[in-house]
Amino acid sequence: MKIKNLFISAAVALTALTACQSSGSGDAEMDKFIDDLMGQMTLHEKIGQLNLPVTGEIVTGQAKSSDVAEKIKNGEVGGLFNLKGVERIRDVQRVAVEESRLHIPLIFGMDVVHGYETVFPIPLALSCSWDMAAIEKSAEIAACEASADGICWTFSPMVDICRDQRWGRVSEGSGEDPFLGAAIARAMVKGYQGENLQDSTTIMACVKHFALYGAPEAGRDYNTVDMSRVSMFNGYFEPYKAAVEAGVGSVMSSFNVVDGVPATGNKWLMTDLLRDLWGFDGFVVTDYTAIAEMIDHGMGDLQEVSALALKAGTDMDMVADGFIGTLEKSLEEGKITEEDINKACRRILEAKYKLGLFADPYKYCNVERAKNEIFTPENRAIARDIAAETFVLLKNEGNILPLKRKGRIALIGPLADTQANMPGTWSVAAVADRYKSLLKGFQDAVGNNAEILYAKGSNLCYDETLEANATMFGREMRDKRSAEAMRAEALQVAMRADVIVFAGGESSEFSGECSSRAYLELPDAQLDLLKALKKTGKPIVMLNFAGRGTVMNWENENIPAILQVWFGGSEAADAICDVVFGDKSPSGKLTTSFPKAVGQLPLYYNHLNTGRPAEKWFSKFRSNYLDVDNDPLYPFGYGLSYTTFTYGELALDATTMDQNGKITASVTVTNSGKYDATEVVQLYIRDLVGSISRPVKELKGFERISLKAGESRNVQFEITPELLKFYNAELKHVCEPGEFQVMVGGDSKNVQTATFTLN
Ligand code: BGC
């Protein structure tokens, strides 16, 4: 490869080294290469590497600049993102490696958040599979497809713990539990990065949004986060840390403040914790315009906040033009040092080196791969299987589900016939017109055995403006007919059917970024439609599309069967049919507590006890509400199956444990119903007495087991002191002697309990 030789020899030939010499990454060859390269770079070119400008395609936040090609030639760009298409990426890379002075390749990023063109379920849904192998596989396929199309860096996994369904980005994470979140973070990093980033089918991951982005006050996106250190360490940090331990190549800063300082300019977070304590050795990129947003946070002007970010340990500026625009001046004025710039530049060059971009800048630009490895039948088949694992059966009175492929089935609702809403939020690379609508899925699933009737029945909601805001990015779907006309048509269709399947809930952009909601019920027009359908007296199955937990009190009382289908990705329609028609039994379990009322939020299972716990509702002078009890409508870990699982007695093999000992908890689980199915057996532990107040229970283990009808299996969990550790008031990771409760069950509420003592 000509370019490679030209480039590497130019870099290696130089021996004069400057003050930017490496402190030693452990890879002598890489250090030498980068020392040599940095020796040739001007200050302006070094700062150029820290710049991740907008491509001109997607513009949000405080984005300004464009004319990217010129900047690339001038060595003022380190990478680009969300540019799609192998040919276009190759063209842009060519400008960097042929027309810029030092031929330094660009890094191409993208929000490959839950798949590429083969789209997997949204992350919240994926987490409900509790299937680490499947989640890893989804990331591996996403990496393979993205890398075939020119992308070598993904802004995923998103691991922000969230306890508040108002926040629209609950859809992008793995729910409320740090133990599960950490396991998923590990699986995703492994899936994207594989064993070796040199492999051209793997890509660099970027764990985000560091940190605590999932805990904004009032669930309003970008809002203030205010939290104790003990809560950060015990409830929120584990998944980020797990990603770092799994070798994640990059970290994205979050928009919010942490301890009053925006994450992007927070030295405690980006250096003391991330690098010094956790040993992170990759690079930190800001979130979109996050440096400029520090001006509105009240941290100073663009020059000041840029210097603050760099000194805090942030390496790459996404879109704000803060680094490229002001760092030289700050250096002249002594606000930063050249060493600060060198450090950041080196980290970005190291990432490019690790990805193999210096050896071959076109490594990810293989047109043949792009033709053959994207949206393949194999990838789609896997996506379909995985999607089916993510649906959660919330209710199934009278075993209405699964449906038989016979008679007349009325498919009604605003999400029944849309392709654009199948992939879900943050599916940048999706090609929605290649995906099936649910209606098409139903027709294919029943063939000639049943008749599928269809009516849209209602718009998403009555308010046109709200609907427009919730269907951005080419997903408009508003029907111009009156609500009455649409409902009348639906009722006529319903009257002719044996069973009604309602397909409604949220559109894709009703959750996701900047999609916080203050009302969490099914949108008004749809609830009215559902109530009208109920009056027909026909059996109803509700398929609830959503990127969060919906408040469904009326539905829970009145609709016999509810299947939470989230956004299942490109294969969602077929996957939903697999479950609805009983080819597969649902096995998803909630990873986020569904509230009964917005007023209960934040709501999460692993809360502390109060000094006045409410044993029953309502109790005066206990911790409860006058107008709703404290329980979620559907708890963490909950999800039904077409079969039933019976749990035998929970047994511990000892009642005391030494500091270096272990205890085994075991339980026999029997598939006592008629369907072969999968159960997620969950282990929770409560530390009854501690130096700080400890949660009423915490997930500490889980196992997915598939059992044939009638089959039993003994499931064992090993409990070690390591599993009992928490961060105490001094933020030391300790386990304290005393009594512990062990709880095992099929969800966080229905558990059997045993106790042991740690000596
Ligand atoms: C989001 C990030 C995303 C970035 C780049 C931001 O608005 O918060 O999650 O990775 O844009 O698209």
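In the predicted model, Gln752 is partly exposed, with a relative accessible area of 23%; buried denotes under 20% relative accessible area, exposed over 50%, and partly exposed the range in between (1.4 Å probe, protein chains only). Gln752 belongs to strand S27 (residues 751–758), where strands (E, at least two residues) and helices (H or I, at least four) are DSSP runs numbered from the N terminus. Leaving aside residues up to four places away in sequence, Gln752 touches Tyr647, Gly648, Glu649, Leu650, Val667, Val742, Met743 and Val744, contact being heavy atoms within 4.5 Å. A separation of 9.8 Å is found between the C-alpha atoms of Gln752 and Leu683, which are 69 residues apart along the chain.

Residues are numbered from 1 along each chain as its sequence is written, and side-chain values use heavy atoms, without hydrogens and water. Because the model is predicted, local features need pLDDT of at least 70 and side-chain atom pairs count only at pLDDT 80 or more, whereas totals for chains, interfaces and linings use all residues.

Helix H10 (residues 238–245) is mostly covered, with six of its eight residues buried. These are Pro239, Tyr240, Lys241, Ala242, Ala243 and Val244. After H10 comes Gly247, with a positive phi near 90 degrees.

Glu464 lies in helix H19 (residues 464–469) and is exposed, with a relative accessible area of 51%.
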